[in-house]
Amino acid sequence: MSSIARSMAKLAGDPAHFRFVMLGDSTSAGTIMTYLYDRLRNYHTIAGRVLYGMDPAHIIDGGSNGLSCTGWLTGLYGVYPPAQLWIDAPDLVVFSFGINDVRAAISDQAALTADIVTAVELIRTNLPNGGQLLVVIRCRGRFGVPLHPH
């Protein structure tokens, strides 16, 4: 059975013990700008929704307003450092970085790509028995994509 099949089987068969981390910037955080984390925790765990039966406490907020991939890798912000991810050992990591790296000119495209590859390799290495890693790249505003399309 593939690792994705194992993760989906665990979610379907034992949702109360399935754990995942929302790791990233404000687009995933449950802080100043409430986006995906809050929606998953407060909406999708209710009866009739896709995560019904999952303990909302097992949806871990690893996001932070203004956090960049570079900042996470270096532990600059210390909000949810890599070491905490290894301790939590989730079944799923939703990795959503890019927008602050680009908007704040922290990284050019090559540096951001290198940081994301490094982060993915670290996660895979340090969570060898873990579940899945879903990478969501958000970097509008540079590299030819408008920040506020109308």
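Apart from its neighbours within four places in sequence, histidine 58 is in contact with Ala16, His17, Phe18, Arg19 and Phe20, where contact means heavy atoms within 4.5 Å. The structure is a predicted model, in which local features need pLDDT of at least 70 and side-chain atom pairs count only at pLDDT 80 or more, while totals for chains, interfaces and linings use all residues. Residues are numbered from 1 along each chain as its sequence is written, and side-chain values use heavy atoms, with hydrogens and water left out.

Histidine 58 is found in the loop between helix H2 (36–42) and strand S2. Helices (H or I, at least four residues) and strands (E, at least two) are DSSP runs, numbered from the N terminus. With a relative accessible area of 15%, histidine 58 is buried; buried means under 20% relative accessible area, exposed over 50%, and partly exposed in between (1.4 Å probe, protein chains only). The side chain of histidine 58 also reaches the backbone oxygen of alanine 16 at 3.0 Å.

The chain as a whole contains six helices and four strands. Along the sequence these elements follow the pattern α-β-α-β-α-α-β-α-α-β. Of the 150 residues of the chain, 39% count as buried. The chain exposes about 8,000 Å², of which carbon and sulfur atoms supply 57%; accessible areas come from the Shrake-Rupley method with a 1.4 Å probe, and for residues only the protein chains shown count as cover. Among the contacts in the chain with a separation of 6 or more, 71% are accounted for by residues 24 or more positions apart.

Strand S1 (residues 20–24) pairs with S2 in the parallel sense over five bridges, two strands being paired if DSSP finds at least two bridges between them. In S2, isoleucine 60 is the bridge partner of valine 21, and glycine 63 is that of glycine 24. S1 also pairs in the parallel sense with strand S3 (residues 92–97), again over five bridges. Here methionine 22 stands opposite valine 94 in S3.

How many residues of S1 are buried? Five of the five are, so S1 is largely enclosed by the rest of the structure. In a regular strand the side chains alternate between the two faces of the sheet. In S1, Phe20, Met22 and Gly24 point one way and Val21 and Leu23 the other way, and all are buried. Strand S2 (residues 59–63) is mostly covered, with four of its five residues buried.

Serine 68 lies in the loop between S2 and H3. Its relative accessibility is 2%, so serine 68 counts as buried. Not counting residues up to four places away in sequence, serine 68 touches Tyr77, Phe97, Asn100, Asp101 and Ile106. Tryptophan 72, placed in helix H3 (residues 69–74), is buried with a relative accessible area of 2%. Leaving aside neighbours within four places in sequence, the contacts of tryptophan 72 include Leu23, Phe97, Ala119 and Ile123. Tryptophan 72 and phenylalanine 97 are 25 residues apart in sequence, and their C-alpha atoms are 9.4 Å apart in space.

Alanine 89 occupies the loop between helix H4 (82–88) and S3. At 42% relative accessibility, alanine 89 counts as partly exposed. Most residues other than glycine have a negative phi. The phi of alanine 89, however, is near 40°, a positive value in a residue other than glycine.

Helix H6 (residues 109–126) has 18 residues, which at 1.5 Å a residue should span 26 Å, and its end C-alpha atoms are 26 Å apart, in agreement. The expected span of a helix is 1.5 Å times one less than its number of residues. The buried residues of H6 are Leu112, Asp115, Ile116, Ala119, Val120 and Ile123. They cover an arc of only 130° around the axis and therefore lie on the same side of H6, the arc being that of the directions from the helix axis to the C-beta atoms. An α-helix has 3.6 residues a turn, so residues three or four places apart point the same way. On the other side of H6, Ala110, Arg124 and Thr125 are exposed. The N-terminal end of H6 is capped by aspartate 108, a side-chain oxygen of which lies 3.2 Å from the backbone nitrogen of alanine 110.

Terms used
Polar contact = N/O pair within 3.5 Å; in protein donor to acceptor, adjacent residues only side chain to side chain.
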